[in-house]
Amino acid sequence: MDAIILQILNGLDKGSAYALIALGLTLIFGTLGVVNFAHGALFMIGAFVAVTLQRIFNLSFEQIDPTKKDFLGNPLKVEVPYVEAWFGADVGDWLIDWSVPLAIIFAIPVMLLVGFVMERGLIKHFYKRPHADQILVTFGLAIVLQELIKYFFGANPIQTGAPDAFSGSMDFGVLLGFDPNVIIYPYWRLVYFLFAAIVIGAVFSFLQFTTFGMVVRAGMADRETVGLLGINIDKRFTLMFGLAAAVAGMAGVMYTPILAPNYHMGMDFLVLSFVVVVVGGMGSLPGAVAAGFLLGVLQSFASMNEIKSLIPGIDQVIIYLVAIIILLTRPRGLMGRAGVMEE
Amino acid sequence: MKMLGLSQRDTTFLLIVVFLTLVTPILLQPFPEGSGMATFNAGYPDLMQRFAIFGIFAIGFNILFGLTGYLSFGHAAFLGVGSYSVVWMYKLLGYNVVPGILLAVIVSALFALLIGYVSLRRSGIYFSILTLAFAQMSYNLAYSVLTPLTNGETGLQVYTNDPQVLMGENSPTSPHFFGIVMNESAKLNVGGWEFTFNNGYYFCAIVAILVFYLSLRIFRSPFGLMLRAIKTNQTRLNYTGLNSRPYTLAAFVISGMYAGLAGALMASMDPLAGAERMQWTASGEVVLMTILGGAGTLMGPILGAGFIKYFENIFSKINDNMLHQWFAWMPDGIEDFLIGLSHFFVGKSWHLTLGLLFMLVVIFLPGGLVEGGQRIAKAVRNRRSKGDGAEAQTQPAE
Amino acid sequence: MSKSNFTRRGLLKTGAVTGAGLAMPTIFTSGAMAFTNEPTGDTVTFGFNVPQTGPYAEEGLDELRAQELAIQHINGEGDGGMLNTFSSKALDGTGILGKKAAFVTGDTQTKSDAARASAKSMIEKDGVVMINGGSSSGVAVAVQGLCQEAGIIFMAGLTHSNDTTGKDRKANGFRHFFNAYMSGAALAPVLKNAYGTDRRAYHLTADYTWGWTQQESIQNATEALGWETVNNVMTPVGAGDFSSYITPVLNSGADVLILNHYGGDMVNSLTQSIQFGLRDAQANGKNFEIVVPLYSELMAAGAGENIKGVYGSMNWNWQLTDAGTQAFVKSFGEKYGRPPSGSAHTCYVQTLLYADAVTRAGSFNPCAVAEALEGFEFDGMGNGPTLYRAEDHQCFKDVLVMKGAENPTTEYDTLEIVEVTPVDQVMYEPNHPMFGGDEASLGECNDGA
Amino acid sequence: MGILEVKNVGKRFGGLQALSDVNLSVQENTVHAIIGPNGAGKSTLLNCFVGKLIPDTGSVMFNGQSVLGLKPHQINQMGISRVFQTPEIFGDLTVMENVMISCFAKRDGAFRMHPFETVAHERDIVEQAEQMLTDVNMIDKRHMHAASMSRGDKRRLEMAMCLAQEPRLLLLDEPTAGMARADTNNTIDLLKEIKEKRDITMAIIEHDMHVVFSLAERITVLAQGTPLVEDTPENIKGHPKVKEAYLGEAA
């Protein structure tokens, strides 16, 4: 029982990441009709906003510590972060410690800007082009973005930890009435799940309860008609792209303590997020979210030893197997609409 | 002049392709040995073989994607299956490539029939994801669980204790075609230039010409017409009494066989089959090749394949030493600046150049590289016709 | 009839000179040379084939730095590095057999296909006499096979799988790096001292050949101590999130977690294990412990402070105090401003060893070079007395057991040396069952003629 | 016995009874129009003939054979061709190729693997297609890209494609919808011409009374998913029920 609860928690956590990426991808699919192969790169850029902020807080000047030696035997230069020198050691340490959550604040404007620039500068010109062209241009962009990140940050994973307050784990089982030390779960993963729930909720409320959201939803259903009503749908779509980028970016920021960011993490998530979106059904936001959580949980269950010993290798293929089964039994995925990207 | 059931235009076209293929070892070696530009020569056997092999892969992919519009994201699976078949034949029978190639084409056809039959129940992106899922499953299993069959990460290879029942005393110990050993070459030195004429390349090139001719025939056939009709309007096709499913399935199987053949040739040139040949990045690569060159055109996919392979193999090898040599004649400051700038584009950053070129091509040449060629040809023709005062009437394609 | 034939650039260059003079086309066919890529000009070209893109790119770049340094030292530039401490004095800093050493580089992308393509282009286009480097066992085995067919020498870079000099050993291939068996053998006594003989281990293993040989080796070594193996779970390569493999560990009755992962996988699995509270946990009345059999600087940097107190093994580390290490670290550090990594050391040493073997053999013929390397014993290259065993071309030397440092002062000393396990403890028979048994054979040396 | 016999057909979509108890008989060599106000179920009914929808109840017999459960291409091969409300043509192909596809479908059936023949060498198909294009006055446009033509030409091409199959029954779904008056008249003329030249049965779904009364020999009036009356145009014009249900509404 405890094993199953643990795997459900794991699955929800994995699912949160899948759902957040798929959500943004579906917004772009659904509203703009663009196959965005650069979406994984947006997730990756988000993660590197966190890395950058951490680096900025860690920007240091050198002090020579005569008591220690460096690897060549010279007196060691000790780095002192500017933030510590400016705000005192306490505040400085706090800033460095909390750089990941703080990065969210920076990620939103940065990602909106990245999204706007991408949409205005590039994607806009591809609305009427075949999907194949969209794939080629966004894939090219994804490569360029990740190579730039590699150029400046290197290829190694960069450890970007959660604040100390969240870096431990809590005894989740006790809350559910289990014995202590049976269900231990890291705080940050619980935070991530809550964060994902809040972001998903916010995006849905935004689309549900604002006029802007209403227009966008109408645009997703029938772009031409909305255009005929004299509503400037283009401007809204630009904003929509920015929003999708921001969601992907925030997902990336918050994921850094779980997965040390590296320059190719976007590509690693790309294929998976496409599978999630399509299993959810093209053009369906609830579908994308549901598919994200479903695949996350199923993947976690497939990783259980009991199941792996029955079917070796099932954890490696479960996502694809489920995708095939769902697409064959439900022609348009879980909640897809007819006629979206079916040609 | 008409030949082999082709129109005059197509005959000329085919003859040009044959000619270019045969003189590739000379064309790709434009710079003399030892000159600073020799790095950009591509006329060495391995790369030429790759041009031909990926050309075949892309030609086959184009039959499915270019004609029917069905975008498969799983064609690398057939490439891998083809390679594994050939290496298994080496292990069991011997180094003659023929049994392996035949088996590869048959096995990949069966595999394509299975995957195609299931995946073609859906269209559009749903089809793409189904093919992707099948290929990724194949890859993940080949990498881990199916290791007894595939030798996993290391790649399937021939060991000295393999049965190789058809190996005679004097049989060659590397892949050969009835005694013609693939990795043997003849060299020609003219002035400062050297040209390598490699058996393996010519084997691949002849196969490539054959399958190019086949694809030309398919393009011009009623079958090809139906496939193009599927791309433009499947509803109308169904209401015209034609069943699109067997047509798309046939196209899928044919292109799967092309991929299997390409995989077989890879293992024929180099007796090793690795699992990553089946990974989604490999499937994506052929998609990129086809779109980059110009989907639905005859030459496009081949150009696209050559373009990507050239960058992968030539640009990745440029290192600081070479940059220093090239820019050595410049003032120091400018030299350092240029070398620093080059770091973005060559050596470890060759991906960036490729990505940028993808974007530039698709932005400025919506029809791919073929469109670039057409534009140049048109510009030349216009200028000439202006000079002559003759009318430049474009003939519609037959 | 010759068996195989690759481009002979060296000859062609001379051919080009005469050809240019006479403007006469010359046709060469197979068998025109004594062996593959016989260098006939005034330079000899090495091929450095390392990952420059993909997850191991940083490791590859560090290998490149070291190789470039080695070339300089061979050609008599710089301070000579380990040439000053090397026990063989055949190299005198004037190149190799009177030729200047040059090199070309390529990108393996950590994919067998790409690595072979890159290696082939070096052999066919650039006329290299040896290929050196790499950062994965799959790639090493693939390129080793290619060099065997082509008739040149291959010196593997970072490859830790038993197979490279086990069932996939080749007459033309040599490995300076240690292997999974050695890691297990070296770690076992240290683990015994630190954690006792009554332990229950849970393995998470990367699901590919290296992972399997690593797991098998460490399981054998720990079971010999009396440890029990509770479970061995295969994890997909590049899984990213290992949570669903980690959560069952705590309640499995195990008190040690062994992570048979490398690179990014290890960074993530270790970090996540610690997030799940494994290091702070108690099991069977003991402190729960984590072991990482194979360490590298890449992983140490990626895992950050999570490696504190975690045991692992390494081939070489810059913190060693012998003269060879100090000379190399000085030379490398002054040129690049950072200490070299373990894989950089391997590639550096291999380049020198190859050059030395050529000089001692008096020929670039791969078979002569191989003969000079086989059974070669030397010292002064950082690992103490070292043997290149003739039977399997595996190098035998002391192995380092490392631990994540509690108080690192710089980003480079996050690992500290716990023990230098003497070579005798990590020795094994060439026909050891983990290394292909009696069936494994080097085959015949191939010089391509 | 008509060539198309519809008996007791009913179709429900969720809570909406789109068709109920439809009986209809189209006689060979007549032009039969089905008219009715918006939402009367005309298109639903037509979709039941061509395999796009399967009715919940009743039967649809074509030439004595049931078409229910068959795929569109199978029904087409039985001899029913369909013209769409907005012309469905192969936009990326040339006009000639469009018509040739119909000729191939007629000659070779629903599927034939012929990858190594050459379209240009199929003499009989080329001749048939050229003849057809001559008949509809489009021979001079045969190399044009179909997508680049005017809407009227597209409609004409679609008709040519259907006629090239020599169908026994031609279904027309509002063939003049959205057309200007001049185009509508052209279409009427085209249809009349076809009717005179060939022995062909046509069933037209139409909104435009002008079209219906210029062409039809029999008219069925559909309202709320069920036929009100079936008669000759003259009688329909004066029929009180029709006036009430449809024409009255329009007037």
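Colleague: How many bridges join strand E4 to strand E5 in chain C?

Modeller: Four: E4 (residues 130-133) and E5 (residues 153-156) of chain C run parallel and are joined by four bridges. Strands (E, at least two residues) and helices (H or I, at least four) are DSSP runs, numbered from the N terminus. Two strands count as paired if DSSP finds at least two bridges between them.

Colleague: And what is the bridge partner of C:Ile131?

Modeller: C:Phe154, in E5(C). This is a predicted model, where local features need pLDDT of at least 70 and side-chain atom pairs count only at pLDDT 80 or more, while totals for chains, interfaces and linings use all residues. Residues are numbered from 1 along each chain as its sequence is written, and chains are lettered from A and ligands numbered from 1 in the order in which they are written.

Colleague: Which order do the strands of that sheet take?

Modeller: E3-E2-E4-E5-E6 of chain C, five strands in an open sheet with parallel pairing. The edges are E3 (100-107) and E6 (173-175) of chain C, each pairing on one side only. From one strand to the next the twist averages 25°.

Colleague: Which strands does helix H4 of chain C lie across?

Modeller: H4 (residues 137-150) of chain C lies across E2 (43-50), E4, E5 and E6 of that chain, at about 165° to E5(C). Axes are lines fitted to C-alpha atoms, for helices over the stretch in contact, and angles between N-to-C directions run from 0 to 180 degrees. Contact means C-beta atoms, placed from the backbone, within 7 Å.

Colleague: Zooming out, how many helices and strands does chain C have?

Modeller: Twelve helices and 18 strands. Chain C has a radius of gyration of 22 Å, close to the 22 Å from the globule rule for 449 residues, so it is as compact as a globular protein of that length. The radius is taken over C-alpha atoms, and the rule is 2.2 Å times the number of residues to the power 0.38. The C-alpha trace of chain C spans about 85 × 45 × 35 Å along its principal axes.

Colleague: Other topic: how many residues does the contact take from chain A and from chain B?

Modeller: 31 from chain A and 35 from chain B. On the side of chain A that touches chain B, the elements giving two or more residues are H5 (131-153), H12 (265-280) and H15 (314-329) of chain A. H5(A) gives the most, with eleven residues.

Conventions: Contact = placed C-beta atoms within 7 Å.
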